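I opened my notebook for a friendly look through one model.

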Amino acid sequence: RGSKCELTAEAYQKLEEAQKIAKEKGKSLEIYSAYRSEEEQIELWEGETPERYKQRFPNEEDRRKYVCNPYNGIEECPHMTGKAVDVRFKGKPNSQMTVSDWSELEKIMNQAGFRRYAAELWHYECCGTDRYNRAVQLEKETGKEIRAIS
């Protein structure tokens, strides 16, 4: 539908794997946000997009709960690395995704090698982002799968 989905090669391979797993379960994934340029991230942060984050959340601490601050660098904004995606099941807007849907999506994405950002049911990262690295390290230390990390 004309939307772009730019990712690093490694993230793209993991996403292909996630789509394969989803299809085996009779589902299809829809990526609605992936790589964002610095300019795109600044526009989001500064309220120059339909989301109007700056106008809705003039306090920067409040705004950071919904959109990362691009002025703090790429580590703070995983979408700027090409290693993060916002994803849902195709044909199901976020508001129509059930608890069961989100749980199934999380299992699929984890199996493919992504880890979820704990504050957002739809946001997944891989391939060396700070959150991803912390999740992998925690898995090594505890021996337990870490599905979401903040």
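**Backbone angles**

I first looked up Arg52, which lies in the loop between α2 and α3 (53-56). My helices are DSSP runs of H or I with at least four residues, my strands are E runs of at least two, and both are numbered from the N terminus. This is a predicted model, in which local features need pLDDT of at least 70, side-chain atom pairs count only at pLDDT 80 or more, and totals for chains, interfaces and linings use all residues. Residues are numbered from 1 along each chain as its sequence is written, and side-chain values use heavy atoms, with hydrogens and water left out.

I noted a positive phi of about 50° for Arg52, although Arg52 is not a glycine. Most residues other than glycine have a negative phi. Arg52 is partly exposed, because its relative accessible area is 43% (buried is under 20%, exposed over 50%, partly exposed in between, with a 1.4 Å probe and protein chains only).

Next I checked Cys127, in the loop between β4 (123-125) and α6 (130-142). Cys127 also has a positive phi, near 60°, and is a residue other than glycine. Is Cys127 buried or exposed? Cys127 is buried, since its relative accessible area is 9%.

**The sheet**

I then traced an open sheet of five strands with mixed pairing, in the order β1-β2-β4-β3-β5. Its edge strands are β1 (29-33) and β5 (148-149), each pairing on one side only. Two strands pair here if DSSP finds at least two bridges between them. How many bridges join β1 and β2? I found four, running antiparallel, with β2 covering residues 84-89. One entry for the bridge list: Leu29 has Phe89 in β2 as its partner.

**Surface charge**

Last, I looked up a negative surface patch formed by Glu38, Glu39, Glu43 and Glu48. Patch residues have over 30% relative accessible area and no salt bridge, and like charges are joined within 9 Å. A salt bridge would be a side-chain nitrogen of Lys or Arg within 4 Å of a carboxyl oxygen of Asp or Glu. For Glu, I place the charge at CD.

Glu43 sits in helix α2 (residues 38-45), and Glu38 is in helix α2 too. Glu43 counts as partly exposed because its relative accessibility is 36%. Glu38 is likewise partly exposed, at 42%. I also logged a C-alpha separation of 19 Å between Glu38 and Gly128, which are 90 residues apart along the chain.

Notes
Patch = residues over 30% accessible without salt bridge, like charges linked within 9 Å, V, L, I, M, F, W, Y side chains within 5 Å. Areas by Shrake-Rupley, 256 points an atom, 1.4 Å probe, with all protein chains shown as cover. Lys, Arg positive; Asp, Glu negative; His and termini not counted.
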